[in-house]
Amino acid sequence: MNLNTEYEKFAQSIYQEFINARGITTNVKHNVKLIGKSGQRHQIDVYWEYEINGKKHKIAIECKNHNRKLSVDKVNAFRGVLADLYGIQGIMISKKGYQAGAKKIADSCGIYLRELRPPEDDDDCRVAEVTINIGIAIKRHLFLLDDDWAKANEIDWKSYRNRMASVYFDSNLWKDDYISLSLIGRESIIDEKGKVIKTLNELEEISLQDPEYIYNFDDAYVESKEFGRVKIKSVKFLNIRKEEVKAIDLDARNVVKAILKDALSGISTLFLKDNNQP
């Protein structure tokens, strides 16, 4: 494998990790051939597609394993390829950055410029205090009971809710009379006869893109450990993402495998090695 191909595959693996961390399920591919409007076949170094809310996104990456800053002509050549393709967002990746004119051209035509490399110079490898952002994804599902049904069946869910609220100080969990229940068995929404209407997994897949999503039901029940079978009015899914900023001392040569930098904003993202990676 030559050095250019190695760099392309390096970019492929980093972007696969990048989109996985953002909850996007797709395969990042290497060395893809696409037919343009002109009928010309274009070789794309790294490519992937994904869909959100019914909208399809296509991303093409041009990798340049050069030991100097990329010039305007490299950006213009990639711009020509993108112009011949259908609805594709372009990204250029370089080890050493871009000339000022190349940045202007890319910014004007919507091509993202990135620098990607392993840590290599003194600034990268020195032991230093590094601030990293840690994203924690928390998923919860909550239930709104049918209050009339609960009263008729002598289920005091409000006392249960108040007890739980005194233990867990989470404002998102205890607002709007929703409560947390532990379900028995398949974790399904059922009708009065016990027939499955929807599973929680099916509902959760639909709600992944929204921080809060509510499903309403006319005649639905769940089997709970707390109260047995209870009638519900709705299920609410919470997709909470908490960001923590931590400063740690590290030697980049030991823990960082790649640095991805936005060439226009200067913002960098560090990709850490796996525990078993040398």
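1. N31 sits in strand 1, residues 29-35 (helices, H or I with at least four residues, and strands, E with at least two, are DSSP runs numbered from the N terminus). Its phi is near 60°, a positive value in a residue other than glycine.

2. Before going on, a word on what we're looking at. This is a predicted model, where local features need pLDDT of at least 70 and side-chain atom pairs count only at pLDDT 80 or more, while totals for chains, interfaces and linings use all residues. Numbering runs from 1 along each chain as its sequence is written, and side-chain values use heavy atoms, with hydrogens and water left out.

3. Another non-glycine residue with positive phi is E154, at about 55°. You'll find E154 in the loop between helix 5 and helix 6 (157-167). E154 is exposed, with a relative accessible area of 75%.

4. On to charges: the structure has 7 salt bridges, each being a side-chain nitrogen of Lys or Arg within 4 Å of a carboxyl oxygen of Asp or Glu. As background, side chains of opposite charge can pair when their charged atoms come close. One of the bridges joins K56 to E49, with the closest N and O atoms 3.2 Å apart. E49 is partly exposed, with 26% relative accessible area.

5. The bridge I'd look at next is D146 with K231, at 4.0 Å from N to O. D146 lies in the loop between strand 6 (127-145) and helix 5 (147-152), and K231 in strand 10 (residues 228-251), so this pair ties together parts that are 85 residues apart in sequence. D146 is buried, at 16% relative accessible area, and K231 is buried too, also at 16%.

6. Compare that with a local pair: K151 bridges to D147, the closest N and O atoms being 3.4 Å apart. Both residues lie in helix 5, 4 residues apart, about one turn of the helix. K151 counts as exposed at 58% relative accessibility, while D147 is partly exposed at 22%.

7. Now the second largest pocket, which holds about 320 Å³ of space. For the record, the search uses a 1 Å grid over the protein atoms alone; a pocket is an open set of points where a 1.4 Å probe fits, with protein on both sides within 12 Å along at least five of seven lines, and lining residues have an atom within 4 Å of a point. Grid points are joined across faces, edges and corners, and the volume is the space filled by probe spheres set on the points.

8. What lines this pocket? There are 17 lining residues, with Y15, F18, I91, R114 and L260 nearest the centre. Helix 1 (3-21), strand 2 (41-52), strand 4 (89-94), strand 5 (112-117) and strand 11 (256-262) each give two or more residues to the lining. By class, the lining has 11 nonpolar, 2 polar and 4 charged residues (Ala, Val, Leu, Ile, Met, Phe, Trp, Tyr, Cys and Pro count as nonpolar, Asp, Glu, Lys and Arg as charged, and the others, Gly among them, as polar).

9. Last, L260 in strand 11. L260 is buried, at 5% relative accessibility. L260 and R114 are 146 residues apart in sequence, yet 6.7 Å apart in space, C-alpha to C-alpha. Leaving out residues up to four places away in sequence, the contacts of L260 include Y15, R114, E115 and F271 (contact means heavy atoms within 4.5 Å).

Conventions. Buried means under 20% relative accessible area, exposed over 50%, partly exposed in between (1.4 Å probe, protein chains only).
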